[in-house]
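Colleague: I am new to this structure. Please walk me through how to read it.

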Amino acid sequence: MKLHWIAALSLAALLAACNASSPTGGEAGEEGEEGEHGELPTSTKIGTQAAAATGVRVSPAGPGEISDDHEVQGLLTPVDGAIARVMARFPGLVRALHANVGDQVRAGQPLATIESNLSLTTYTVTAPISGVVLSRDASVGTVAGEGAALYEIANLSDLWVDLHVFGRDAQRLRVGSPVIVTRMSDGVTSETQIERILPSTATASQSTVARARLRNLDGLWRPGSAVKARVIVDQARANLVVPLSALQTSNGEEVVYVQKGETYHRRPVKTGRRDADTVEILAGLKPGEQVVVQQSYLIKADMEKSTAEEH
């Protein structure tokens with residue numbers, strides 16, 4: 001908590017510095033309405049240039065959707081039929097290998113040269129599909145047996161996301177339910193939907209497995225990797241919503257900050273339903289009012305700074 005408060009004061013100091021250099025704004029907190037000694041001010045004035053410089057952004061409050069979603073774990077696997085095992089047609093000596101693990105290959109590309117034990121002539125083994133080489137199970141100078149795997153190739157342009165869902169949550173899964181998948185390595189997300197629900201449970205975990213297809217556009221979604229996912233099982237209309245990033249807790253109550261010109265007003269609100277991104281506003285805010293949706297904590301810190309300085 002101490003570090004959190006220091007960070008808030010630092011942000012407020014930055015805001016004050018920006019205001020000091022802005023021709024349209026006075027010092028942070030100037031013209032703010034203050035209550036009795038020790039009470040939080042209900043507004044603060046911040047110049048347009050200062051607000052922009054510190055990343056403060058506003059958006060009008062309005063109607064929206066509140067999702068009923070569930071956080072689940074998932075595992076990336078190759079799509080059915082996307083893996084090919086490259087084999088020698090006839091037994092023989094491996095004379096040359098033309099690809100290594102991790103190489104991208106195209107269908108029909110030569111992968112190996114084999115000298116047949118029967119005819120003592122060489123023949124070429126080619127890639128049956130386009131994809132990336134997952135494994136190479138042969139070495140130059142060794143003998144490849146008939147039907148022995150030389151390479152394993154996978155087309156990873158699409159992957160399955162196997163989502164493991166437990167208990168009653170599994171009963172609410174539907175084909176077509178939206179899914180937001182998050183890559184754990186860097187937080188990148190991808191939107192998809194449930195394509196099928198497997199008829200049997202996963203043996204080890206006794207979970208229901210739902211599958212969604214994922215486009216591997218950047219090539220960084222890797223088979224075998226664990227992912228996080230949000231499955232949206234229902235959506236309900238709400239008359240008035242704001243992003244969760246707009247909501248702050250101040251003086252023991254939930255508040256948002258409403259912009260009117262260069263003045264930002266502290267507005268206590270009554271909240272209702274919420275999901276991972278959005279919260280319903282039941283009272284305290286009107287449709288169309290400009291609400292701070294980015295860096296709302298800066299506005300809070302600026303208002304609370306004057307109170308802290310009094311003590």
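This is a predicted model: local features need pLDDT of at least 70, side-chain atom pairs count only at pLDDT 80 or more; totals for chains, interfaces and linings use all residues.

Colleague: In which strand does Asp 162 lie?

Modeller: Asp 162 lies in strand β12, residues 158-165. Helices (H or I, at least four residues) and strands (E, at least two) are DSSP runs, numbered from the N terminus. Residues are numbered from 1 along each chain as its sequence is written.

Colleague: Is Asp 162 buried or exposed?

Modeller: Buried means under 20% relative accessible area, exposed means over 50%, and partly exposed is in between (1.4 Å probe, protein chains only). Asp 162 has 10% relative accessibility, so Asp 162 counts as buried.

Colleague: Which side chain makes a polar contact with the side chain of Asp 162?

Modeller: A polar contact is a pair of N or O atoms within 3.5 Å; within protein, one must be able to donate a hydrogen and the other to accept it, and residues adjacent in sequence count only if both atoms are side-chain atoms. Here the partner is the side chain of Arg 211, at 2.7 Å. Contact in general means heavy atoms within 4.5 Å. Leaving aside neighbours within four places in sequence, Asp 162 is in contact with residues including Gln 73, Thr 77 and Val 209.

Colleague: With which residue does Arg 211 form a salt bridge?

Modeller: A salt bridge is a side-chain nitrogen of Lys or Arg within 4 Å of a carboxyl oxygen of Asp or Glu. Arg 211 forms one with Asp 80, the closest N and O atoms being 3.8 Å apart. This pair links distant parts of the chain: Arg 211 is in strand β15, Asp 80 is in the loop between β3 and β4, and they are 131 residues apart. Arg 211 is buried because its relative accessible area is 15%. Asp 80 has 48%, so Asp 80 is partly exposed. Salt bridges that share partners join both into one network, whose members include Asp 158, Asp 162 and Glu 195.

Colleague: How many salt bridges does the structure hold?

Modeller: The structure holds 18. One of them joins the side chains of Arg 230 and Asp 69 (2.9 Å, N to O). Arg 230 is in strand β16 and Asp 69 in strand β3, 161 residues apart. Both Arg 230 and Asp 69 are buried.

Colleague: Which residues have the most contacts inside the largest nonpolar core?

Modeller: A nonpolar core is a set of buried Ala, Val, Leu, Ile, Met, Phe, Trp, Tyr and Cys residues joined through side-chain atoms within 4.5 Å. The largest has 21 residues, and those with the most contacts inside it include Leu 76, Val 161 and Trp 221. The elements giving two or more residues to this core are β3, β12, β13, β15 and β16. Apart from it lies another core of 18 residues, among them Ile 114 and Tyr 151.

Colleague: What is the strand order in the open sheet that contains β8?

Modeller: Two strands pair if DSSP finds at least two bridges between them. The order is β8-β7-β5-β10, with antiparallel pairing. β8 and β10 each have a single partner strand, so one side of each is left without a neighbour in the sheet. Two bridges join β5 to β10. Leu 93 has Val 143 as its bridge partner in β10.

Technical notes
Side-chain values use heavy atoms; hydrogens and water are left out.
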